[in-house]
Amino acid sequence: MSARVLDGQALAGRMQQEITPQVAAFAARRGRPPGLAIVLVGQHPASEVYVRNKLKAGRDVGFRADLERLPDTASLGDLLALVERLNESDVHDGILVQAPLPKAFGPDAAARVFDVIAPDKDVDGFTAVNVGRMVQGRPALVACTPSGIIELLVREGIPLEGRRACVVGRSDIVGKPMALLLLQRHATVTICHSKTADLPAVCREADILVAAIGRAGLVTKAFVKPGAAVIDVGMNQVTDAGLAAQLFPEGHPRLAKFRERGSVLVGDVHPEVAEVAGALTPVPGGVGPLTVTMLMMNTLRAARARMDGTR
Ligand code: NDP
């Protein structure tokens, strides 16, 4: 058996086509497009790529999408002042501060930023107000990666109600909100983490298994109930030849790519899982594109809520 591929890239394309006319309608009614401001502090090669993709996706659907850069020498105070200025901006409906922040800002820097972002512009869904509203099942701007995964599961017709779901990872940005959204869809949810005893056995109970760990290929066939839907959130740049050879058999095109480039992007799910899973998201081309699309959805929602009081 080979798992059905859950093509996040294709769904993201369809959703962008759905969003574009809604953005045009908003702009026609309001005299301006929805506006997204992305804040980038310092130099970080991976962040540069993520930010470029988000700005392009925003402009492609018709947003005003602005990059607000701060230099390496900026302080946390400079960042908070910039966020406060964007909170007051009439033309920006969404504010995203790209992670990671410089280490010099200290361990609680992200929390301090989320305490300052206006909840009605919090298109990442990370502020305490939006997290609290989500927990209570009230309308909220919800974290993009987990809400994109729910969109994918629903549109692919994967039943959630009454099913067992297992989320591996308990971060504030993926694992915890993912578990809550599955719970809201009436799945019976287990959350696992690095201290979970007998992780493969717990995961094997799941009809829907979400891996949000950050460990290349950790989820092997032994973790997967035959026929389960497996969602691979992990994005790991593998540079170790031994690990690459464990993940891909000799002759596999991804192994050839690794040998050519010296690195390959892989998820948390081992490719062998395709032999037992019923459905599986690829990496790349699964969850990642949907995260960007949900950022567009959230920005449009934020713009509507600010202007019309509707989401
Ligand atoms: P974090 O590092 O914040 O959290 C990782 C979680 O995995 C923690 O809860 C940790 O447990 C758990 N974990 C680590 N090792 C193990 C293990 N051996 N067994 C079981 N659980 C383990 O990561 P994020 O949630 O931010 O991201 C997870 C992955 O998803 C990363 O690869 C990241 O790059 C990717 N990502 C992808 C996105 C996309 O758009 N595709 C968006 C966001 C993230 P504990 O709490 O006990 O430490």
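User: Before we look at strands, what does "buried" mean here?
Analyst: Buried means under 20% relative accessible area. Keep in mind that this is a predicted model.

User: Thanks! So in strand S4, which residues point which way, and are they buried or exposed?
Analyst: S4 covers residues 94-97: Gly94 and Leu96 point one way, Ile95 and Val97 the other, and all are buried. In a regular strand the side chains alternate between the two faces of the sheet.

User: How many bridges join S2 to S4?
Analyst: Four bridges join S2 (residues 35-41) to S4, and the two strands run parallel. Ile95 in S4 is the bridge partner of Ala37.

User: Switching to the core, how many residues has the largest nonpolar one?
Analyst: It has 54 residues, and among those with the most contacts inside it are Ile149, Leu182, Val210 and Met296. Helix H11 (residues 287-308) gives the most to this core, with ten residues.

User: And where does that core lie relative to domain 1 and domain 2?
Analyst: It lies between them, because domain 1 (31-120) and domain 2 (144-288) both give residues to it.

User: What is Val210 in contact with?
Analyst: Leaving aside neighbours within four places in sequence, Val210 is in contact with Ile149, Cys166, Val167, Val168, Met178, Leu182, Ile231 and Val233. There is also a second, separate core of 20 residues, which includes Cys192, Leu199, Phe223 and Val269.

User: New topic: how many aromatic pairs are there?
Analyst: The count comes to one aromatic pair. The ring centres of Phe114 and Phe126 are 5.3 Å apart with planes at 70°, so the pair is edge-to-face.

User: Is Phe114 buried or partly exposed?
Analyst: Phe114 has 21% relative accessibility, so it counts as partly exposed.

Notes: Residues are numbered from 1 along each chain as its sequence is written. This is a predicted model: local features need pLDDT of at least 70, side-chain atom pairs count only at pLDDT 80 or more; totals for chains, interfaces and linings use all residues. Side-chain values use heavy atoms; hydrogens and water are left out. A nonpolar core is a set of buried Ala, Val, Leu, Ile, Met, Phe, Trp, Tyr and Cys residues joined through side-chain atoms within 4.5 Å. Buried means under 20% relative accessible area, exposed over 50%, partly exposed in between (1.4 Å probe, protein chains only). Domain bounds come from an automatic or database domain assignment. Contact means heavy atoms within 4.5 Å. Two strands pair if DSSP finds at least two bridges between them. Rings of Phe, Tyr and Trp (its six-membered ring) pair if their centres lie within 6.5 Å; planes under 30 degrees apart count as stacked, over 60 as edge-to-face and the rest as tilted.
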